[in-house]
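The following exercises concern a single protein chain.

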Amino acid sequence: MRAVPTALLLGVLACGGSATGPTGDAPSGSATSSLPRGCTVAGAAGATKGFLAKQKLTVSGVKDAGYARRTYNLFVPDQHDGDLLFPLVFVLHGNGGDGAGMRRTLDLESASGGNAIVVYPDGFGGWDLESAADQNDDITFVKALVEAVSKTYCVDTTRIFATGYSNGGYFANQLGCKVGASLFRGIASHSGGGPFGQNDEYDAQGNLVCPGKPVAALISHGADDTNVQLSEGQQSRDEWKRVNGCKDATKSFAPSPCVQFEGCAADRPVVYCEVPGLGHVVWPDSGAKATWRFLSGL
């Protein structure tokens with residue numbers, strides 16, 4: 001098994017935070033012509049919209065009873081009308097953080113123009129990066145959240161995504177591997193690493209064998225990150241390139257210096273953003289824009 005970086009296990013990498021970001025008001029929104037229609041959720045048109053803080057969910061099927069009562073934050077766009085189907089995006093905080101702080105760090109609500117339902121789950125300090133999928137209470141929590149939100153709101157279940165920062169970026173990669181395309185269309189990791197697994201999850205050549213079908217992936221990392229080394233992001237890049245059949249050749253992907261690898265499976269592109277001069281933070285402003293441009297294109 002590839003070792004989890006000690007800093008992530010000790011919980012010293014905080015969520016980040018920013019002086020700017022969402023204030024609780026819904027963005028003005030943009031055209032929704034690209035969103036499919038046909039929601040069948042009863043009462044969805046009258047469901048509460050806007051930013052809903054500290055929602056509660058009791059999760060069944062967890063291995064540790066202490067992990068059954070969970071909280072999360074939810075953003076539902078004003079244009080949620082009971083007919084349009086919206087992508088569902090999980091935004092995962094780093095160790096020591098929470099969903100509300102992560103909302104300030106990665107402003108996907110503005111970047112998406114109100115064209116996504118966004119979930120900011122609260123971990124217990126951080127996220128479980130080691131347990132197998134069927135033993136992982138955080139993965140069980142994420143699956144339960146998909147079910148709960150989809151019962152009330154109009155979710156396009158073919159377009160569910162996970163993005164995260166630091167420990168949350170690692171967890172986004174773990175979700176892409178452990179759960180894969182059975183639930184997720186794509187993931188985006190910022191200042192993170194992985195995926196990795198137990199010893200019996202590697203083949204004879206030392207390659208990780210993920211139980212889930214591969215997903216599309218965007219990896220963003222600061223070249224000057226001294227908390228999670230750049231090599232961790234590069235390992236993530238190389239893993240997704242391998243499982244998605246990508247070539248080494250690249251083409252530009254806005255914003256610069258992002259690149260998209262050529263030859264990947266048609267529905268599983270891989271984008272890599274190595275940002276000069278950036279430390280252990282989410283790429284200011286551009287991180288959200290790059291993430292949404294990638295996810296919205298899937």
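Helices (H or I, at least four residues) and strands (E, at least two) are DSSP runs, numbered from the N terminus. The model is predicted: local features need pLDDT of at least 70, side-chain atom pairs count only at pLDDT 80 or more, and totals for chains, interfaces and linings use all residues. Residues are numbered from 1 along each chain as its sequence is written, and side-chain values use heavy atoms, with hydrogens and water left out.

**Exercise 1.** State how many helices and strands the protein has, and what share of its residues is buried.

Solution. Step 1: the secondary structure consists of seven helices and ten strands. Step 2: of the 298 residues, 55% are buried, where buried means under 20% relative accessible area, exposed over 50%, and partly exposed in between (1.4 Å probe, protein chains only).

**Exercise 2.** Describe how helix α5 packs against α6.

Solution. Step 1: two packed helices are described by the angle between their axes and the distance between the axes. Axes are lines fitted to C-alpha atoms, for helices over the stretch in contact, and angles run from 0 to 180 degrees between N-to-C directions. Step 2: α5 (residues 167-178) and α6 (residues 230-243) pack at about 20°, and their axes are 12 Å apart. Step 3: α5 and α6 are therefore roughly parallel (angles under 35 degrees count as roughly parallel, over 145 as roughly antiparallel, 65 to 115 as roughly perpendicular and the rest as oblique). Step 4: Tyr170, Asn173, Gly176 and Cys177 of α5 are in contact with Glu232, Ser236 and Trp240 of α6; contact means heavy atoms within 4.5 Å.

**Exercise 3.** Determine the orientation of α4 relative to α5, and list the residues that meet.

Solution. Step 1: helix α4 (residues 137-152) and α5 pack at an angle of about 80°, with axes 12 Å apart. Step 2: α4 and α5 are therefore roughly perpendicular to each other. Step 3: α4 contributes Asp138, Ile139 and Val142 to the contact, while α5 contributes Phe171, Leu175 and Lys178.

**Exercise 4.** Ser191 and Asp285 have a positive phi. Locate each residue and decide whether it is buried or exposed.

Solution. Step 1: most residues other than glycine have a negative phi. Step 2: Ser191, with phi near 55°, is in the loop between β6 (186-190) and β7 (216-222). At 1% relative accessibility, Ser191 counts as buried. Step 3: Asp285, with phi near 65°, lies in the loop between β10 (270-275) and α7 (286-296). At 52% relative accessibility, Asp285 counts as exposed.
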